[in-house]
Amino acid sequence: MRSPETPHGIGRRTALAALAGAGAATLLGAGAGLAAARPHSARTVTVTARPSAEDERLRLGQALRGSEFQATGLYAPPGTPLTLNVLPYDDLVPTLWIGAWDYYGTVTEPRGHLLRPGANTVTDPHGGPVYLTLAGRGEQAAVQFRGGALPMPVFSLGRTTEAEYQQQLDTRTDVPWVELHAPHTIMTLTREGALQYRNEDHAALLELVETIVDSHARISGLDGSKPVHRRKAGPYHFTEVSKVPSGVGAYATHGYNGFPRAYLDRATTVEGLRTRGWGFYHELGHLHQQMAYKPGGLTEVTVNIYSLAAQRTLGRPSNLLTVDPATGLNHFQSAQRKFGTAGLAYEKSFGAYEKLVPLRQLELAFGDDFWPRLHKLVREENPQSHWTETAKRYRALATYSSRVAGYDLTDFFVRTWAFPIDATGQAELAALGLPQPPVDPGTLTD
């Protein structure tokens with residue numbers, strides 16, 4: 001589940017965008033992308049500027065912004081003054097953020113505090129984990145935290161041993177938040193949530209998360225072959241949240257993925273994430289979806305291009321091959337039995353997993369690099385559409401797919417699967433002048 005896309009790709013939470021206008025956009029530090037703690041009587045965090053999350057969203061052609069935060073490993077108690085000193089090495093001043101993301105909670109998002117060069121005192125009424133953002137192109141600044149903040153228990157992949165982490169959990173008991181850090185990962189957990197699965201191998205867990213993130217990058221064609229095809233600047237943020245709507249396991253919105261306590265058995269255990277982590281793969285997928293071919297009816301469909309990629313990467317059986325005990329059919333088979341039936345309509349006639357079948361059939365017909373090539377072409381051409389332009393986005397799915405495949409896919413989209421490709425879209429497909437495919441993709445199965 002994700003929060004709805006709204007005009008210009010901006011969602012219901014706009015704090016990041018608002019502060020970006022005040023020079024508060026973002027990013028993670030160099031190397032592993034984590035805050036650098038220097039040996040000092042006061043913790044000093046060096047921040048290396050990166051493009052803002054909104055700039056990255058536009059470059060990647062995506063519907064949702066990713067995280068801008070640089071983790072500091074510090075916690076600010078509610079109502080406690082934090083004293084700090086800002087050193088703008090390259091004339092850029094970071095923004096300080098305090099709090100945890102919790103879209104449906106009482107306190108819903110971190111608060112941004114604009115800083116100035118030199119001495120600052122910041123008091124946040126709610127408290128929470130402390131982050132920094134800095135927008136730019138490699139400039140640096142440093143923040144010296146002199147008093148008020150407490151170190152959180154933090155496991156940093158490649159830097160923290162399991163024994164050290166366990167000792168932090170046992171000694172830093174006055175801090176209600178815990179974080180796990182890796183080059184492309186910030187995982188923020190309540191202390192209670194972290195203790196629930198404290199006996200996990202946390203290096204193995206973070207390596208698994210990194211593998212899943214990498215699977216999403218590869219299916220997205222983020223191979224660095226051109227500047228436009230670089231991976232997103234900074235990490236992805238996975239946060240334990242206090243509540244979700246009834247019937248929702250987890251969600252995605254601008255900046256982060258939210259997971260309630262009940263989902264942590266799949267998000268924070270190695271075996272759970274590897275074998276039952278579809279929801280995790282799915283929510284991370286929302287932070288990779290491109291706008292151009294994502295009408296509202298495909299929001300919960302194209303996202304699973306990334307979920308299937310994660311399953312294949314982890315050597316897991318495809319969810320599309322799950323057999324319905326009532327019918328004895330998997331999702332390929334049940335969908336194919338509907339082809340050619342009276343009144344067939346893609347959005348109304350097929351179930352959630354059946355709707356994913358044609359997107360997988362495109363890979364089966366035209367190669368494992370089909371979706372990476374399509375993502376790259378969309379990024380390079382950067383077609384624009386409003387979130388309400390449903391017909392335009394369906395047309396884009398059909399025309400971009402045909403161009404990437406090198407074949408006229410009108411029959412596949414319009415007649416086999418009954419996608420709502422209007423007369424304009426069918427004319428655009430015909431104008432491409434492509435040959436018919438040598439194999440009917442609609443016949444293919446895993």
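In the predicted model, Tyr-293 is in contact (heavy atoms within 4.5 Å) with Leu-298, Thr-302, Tyr-306, Trp-371, Leu-374, His-375, Val-378, Arg-393, Ala-396 and Leu-397, residues up to four places away in sequence not being counted. The structure is a predicted model in which local features need pLDDT of at least 70 and side-chain atom pairs count only at pLDDT 80 or more, while totals for chains, interfaces and linings use all residues. Residues are numbered from 1 along each chain as its sequence is written, and side-chain values use heavy atoms, with hydrogens and water left out.

Tyr-293, Trp-371 and Phe-413 touch the most other members of the largest nonpolar core, which has 42 residues. A nonpolar core is a set of buried Ala, Val, Leu, Ile, Met, Phe, Trp, Tyr and Cys residues joined through side-chain atoms within 4.5 Å; buried means under 20% relative accessible area, exposed over 50%, and partly exposed in between, with a 1.4 Å probe and protein chains only. Two or more residues of this core come from each of α10 (304–313), α11 (331–336), α13 (352–366), α14 (370–381), α15 (390–405) and α16 (410–416). Helices are DSSP runs (H or I, at least four residues) numbered from the N terminus. The largest share, seven residues, is given by α15. Another core, of 31 residues, lies apart from this one and includes Ala-194, Phe-238, Ala-250 and Tyr-263.

Helix α2 (residues 53–60) has Ala-53, Glu-56, Arg-57, Arg-59 and Leu-60 buried. These residues are on the same side of α2 because they cover an arc of only 165° around the axis, the arc being that of the directions from the helix axis to the C-beta atoms. Their cover includes α14.

Leu-321 is placed in the loop between α10 and α11. Its relative accessibility is 34%, so Leu-321 counts as partly exposed. Beyond its neighbours within four places in sequence, Leu-321 is in contact with Asn-330, Phe-332 and Asp-446.

A search of the whole structure gives five cavities of 30 Å³ or more. A cavity is a set of points on a 1 Å grid over the protein atoms alone where a 1.4 Å probe fits but cannot get out, and lining residues have an atom within 4 Å of a point. The largest cavity holds about 50 Å³ of space, and its lining includes Tyr-165, Leu-180, Ala-194 and His-202. Two or more lining residues come from each of α4 (191–196) and α5 (202–219).

Methods
On a 1 Å grid over the protein atoms alone, a cavity is a set of points where a 1.4 Å probe fits but cannot get out, and a pocket is an open set with protein on both sides within 12 Å along at least five of seven lines; lining residues have an atom within 4 Å of a point. Grid points are joined across faces, edges and corners, and a volume is the space filled by probe spheres set on the points.
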